[in-house]
Amino acid sequence: MHLNIIVISTEVFPNSLQVRVIPLELQRLFASLLLVDQQSASTASLTDSFGWNSSEGTNQHDVQELNRILFSALEHSLVDTSGSTFIHRLYHGTIVNSIACKECGNVSQRQEDFLDLTVCVCGMSSLEDALWSMFVEEELFEGNNLYRCAQCDRLVTAAKSAKLKKLPPFMTVSLLRFSFDFAKCERYKETGRYSFPITINLQPFCEQTDGEESDYSYELFSVIIHKGGCYGGHYHVYIRDIDQLGQWEPPEEEYKLKSQKKGKEDFKKDVCEPKLQEDDPLSVLTAIIAQEPSKSVLLDQLGQKLMDKIGSSWSKKFRKHYGPIGKFLQSHSDVFMLVSNGTRVALKANPPSPVTEPPSPVTEPPGPTEQITNSDPSTPSDPGAADPQLEPKKEQGSHWFDLNDSTVTSIRESDIEKQFQGKESAYMLFYRKTQLHRSSEALNNAQYKVPLHLIHMAQEENIKLQHMREKFEATNNTVELRLHLATHYRLENGALQPINKEQDRSTTLSFDRRKTVGDLRLAIYQMLDQWEGDMALTMAKSLPAGLHLYNTIIDDGVSVYSAGLQTNSDLFVWNGREVCGATVLIGAEWEPVLLTVVRPHLGEDGIPEVEDGVGCEEGSGGFENEGTGLKKEARGFAGAATLGEVKEALGEPKESLLCQEHKGRKRAEQGAGEGGGASGWRLFPPDDMHRTLKELSLKDGDALLVLEPQSFDSSMFTLNGDVVTVTTPSDCRWLQVEFQQNGGEEGDKEEERKKVKVPATGNMLLCEVKHRAIEELQLQESLPGAQYCLRQVDCTGKLLPPVCEEMSVRDAGVRLMTTLTLCPGIAPKASQLFLHFSVGTAPSAGMEMDIIVESTCTVKECLKTMLDAVGLDGTCWHLRRLDWCEDIGEPIVDEDASLTELKINNGETLIVTEGQLPPKGFLKLSVWFYLDPRDNSMETDFNGHTEEQTLEVVTAGKTHSQSSPMYAGNMAELKSVGQVEISDEATLEDFKTQVMTLPSLQDVCLPTAAFMRVWQLEGQRLARILRGQHLTLRKLKLTSGTDLCVQQLLKEEDLGPKEVLLNVKMGVPGERCYYPPEELVWDASRDSSPRSLRTCLASHYGLSPDSLLLAKHQPEKHTWEEISNWNQQVSKKKKKKKTESLLGAPFHLKDGDTIGIKNLLIDNNRDFVTMEDQQGQQRLREQAEQRRKGGQAAGSDGVGPCKKTGITKSRKPEVALSINVGVFR
Ligand SMILES: [Zn+2]
């Protein structure tokens, strides 16, 4: 780390009350990072010292901006100390710009300072490429763009060039990765490949080239990486460990590959994963789901994961073309499927694996051995696979680390190349002069030049941490073992069963897993003082059939952890041979299986329902006979027992037949919703009698039907080939009806629910079921005339729509032997739909209502019924569907279509939304009128309309409520003049014509449509001028609800696609103010370079282009960004290159931007900042200060005056970054 170079000794701070807190906190942070034994250090006290409150600390900011203001804050903080120049000494460089007259050779020069060098990415392939174009290529003034030479006093041919003059010890390079797409009117991130070298020689770019070669040589030591898009993202940094302070290990993936066999498959997938196609939502979503360890994603997290992956939201990137995300998933049901009750989405091709039981210690030996040694806390971690001797040596001197929030990982130098391009790519580069030799004392010495008090601070911190860790380790290493004593068990049904069921079968023992098995054995001996003879400790597991034993722990020397014992491990304590005289067979092959033995149970035999004797009391179930005519009994058998042995154990005669449940049949039945009724079984072939339960893949819970041959005399069992069909008697055909007094409100007490069992068949009509239930529950007596309906409940307990009572049980998809809920309310007829709806908000707001409508009724009729139901009237409502992500979807445009035609389903939710729907193919646009601050004549026209809505906007940048409306001359006021309903096939000209007919614009003089300029409003910003009189509104991408602003012009205008309307204002010579602004159309279609703008302005003012100094105003920051000419090039190099465009980064010139101009011939004030700007900056500082002090008190600032009606949601306003520094002069 180079950070310890910035060592500030405390003596630079005079003993005044004023504390230069920023450098002190920065120093403390660096000391913590260096010396405190933690992966991360908190930046809270540093950001506190900036005067930031908690929300400012978490706001997203640009790191280049932070770098600059932090440097400036440090300089201000160190004024009048010996450290006052250190930023300058370390980072300051200069560039010299020259213009050489080709006639007389006179060279005029201008010098520029920099702390970081900003270089173009757009159109460049590498850093060298960018430097070449900045510092090697010349620009020629020739033809009709000549230069006025002061010496020749006439227009001449001249060459312009720039060179690096002073090189700083540390060269910071900022990459301009963020650009503006003028056509789409949006910001974007340059993600193209842009390489940069590890070492670079700057000699070719320097003015003086006669120094030593080493004077120009730089090496990379840090890279700040931005991951994400242009509206948000995440930074992390690669840092070279120059002093070798960190523990560099070969990067993770190397030994992941070798030692983690388990993760191998996933890892391979990552490596071989085809390049993500970010423009294809199918590819992106598939990739996101595939990378999840659970192979599925919660639906409500999918949006965020998408954002993380591609740096853009679904709505922004895909919604326009692919609709809501929920619909998209639905329409690709061949790829996606819903799991976990529809809460998660998974891939059909790669579904999540079913929940498997935790691996037993024996069947799955605890992983590859390396894994144990790696994570065993008792032995130092040793990444066995990688050669620790060889690897670091090979890369000595170039140990790189990736610092990412709280994690620091070793990386290879070659990993830097991964950041040449992409959504995650290098953003700032830090080079240091190769000559800068670090003192040999600094090597491996983190304390080097760290002030003593900070070393003490770190030591104290480390002691605290160590205590905490020891405590944590101790807690972390305590395992709770369950000991089972042999004396409490007997062997039965293939497994160990406790003799006394009532008594707790196990004793819990807390033990430090770092101790040995020998220690454990001793502890157990001490616990059981009456133990005699040998003691075997055997791993056991509680299975459905009972306790089963696996391997016995023999090696007393290994740690409890290495022996595979964990919290809740079962350990059987015995003599190692027998239990109660019976030999115990241990190991996985003898694992017992708990089968459900099914036998005919015929009432006439007079056998009581519950039998005993055969019972295996252990395990699940016992008996469940519930009138199915079958008797079920759970029995455990050793897995290695053959089917024949099982038959014998069951006491069955040889002729008895054994059958296995026909799984396929069973599933099909469930799917059909049949319920109850017949079930299918398959006879085991005779050969199977010699096969073991394991071989037959019989598992816990599998059913085994035992039939005596005479059973087939009964009508219950029919044999067809090897398939046995069991038809259960009619008494299992029932439906349970549960009555809920309050319609299923939460909080119902169990006793308020009444249940009744109604005999039912698949052919019975549901209304019959209902009537019987009402009779049985005697509801008609208590509430005569009340209406009831039957509803099913889904697995989450939510009531489903009422069932249609005209249907049979089978047709309605109701399974027999399930429960229906009887609720107050009316059931829909077969021709009707039961719909949920809510007004204005999604149902999650809790205001959901139900309604029954004919499925043939139109959307309009449905809406009317809903409005009637909630007592609303009027026509300014429309319906929207709710997709299954619970997002409110697109409006249902076709109001005359029937619900059936629109495929609106029973139980679907509709949202009644405010606002009248324009006819199909029509747009409804809100129109505002622009009151030009420079033309007060309009004011009077509008003063009468006091009820009109007004809106203040800044014509460029963002609104500031504090600004006065007349401020800087470019604040405009907008008046709402109404709405226009117009076909989306209408042209811009048609729109203008229609606007002119609006009553409120009757008095405005607009001879033709060309005298009207139309702005599109975005948030509270005049965002773009709509161009192309003959383009349709659809082509212009206007949608219903868009706000447009019309402006009256004094002359006709028809802007081309790349003609930019600028506000230009000339500085008053020698003063800090400007002449009134003028509008100027700059044609950037052929050339959008600074030079083109300069030429355009020069001809506008009748001046030489070279005497003009230009800057773009940043109204939200009250600053000016100078547009210099030096970084453009004439294509001398053979390589073809895009010329630098003002429409792209960093200027992003667009309609309404303000350009300030200084005429250098008569104005020697090169500073663009006005008094108003300074006041604005002061206000920003005060606001920041207020926020720091008052927290939320000033929270409302930055939000302009709010318009009352539907402004589209705008992005959170970007707050200018600032750091508060005291005054130390
Ligand atoms: Zn000259």
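Reader: Which residues form one aromatic cluster?

Author: The model is predicted, so local features need pLDDT of at least 70, side-chain atom pairs count only at pLDDT 80 or more, and totals for chains, interfaces and linings use all residues. Residues are numbered from 1 along each chain as its sequence is written, and side-chain values use heavy atoms, with hydrogens and water left out. Rings of Phe, Tyr and Trp (its six-membered ring) pair if their centres lie within 6.5 Å, and the whole structure holds 15 aromatic pairs. One cluster consists of Phe71, Tyr91, Phe170, Phe221 and Phe430.

Reader: At what distance from the ring centre does Lys1158 lie over the face of Phe1168?

Author: A charge sits over a ring if NZ of Lys or CZ of Arg is within 6 Å of the ring centre and within 35 degrees of the ring normal. Lys515 has its charged end over the ring of Phe511, 5.5 Å from the centre. For Lys1158 over Phe1168, the value is 5.5 Å.

Reader: Is His1113 buried or exposed?

Author: His1113 belongs to strand β54, residues 1108-1114, a strand being a DSSP run (E, at least two residues) numbered from the N terminus. Its side chain makes a polar contact of 3.0 Å with that of Asp1173; such a contact is a pair of N or O atoms within 3.5 Å, where within protein one must be able to donate a hydrogen and the other to accept it, and residues adjacent in sequence count only if both atoms are side-chain atoms. Buried means under 20% relative accessible area, exposed over 50%, partly exposed in between (1.4 Å probe, protein chains only). Because its relative accessibility is 4%, His1113 is buried.

Terms used:
Helix = DSSP H or I, 4+ residues; strand = E, 2+ residues; numbered from the N terminus. Phe/Tyr/Trp six-rings, centres within 6.5 Å; stacked < 30°, edge-to-face > 60°.
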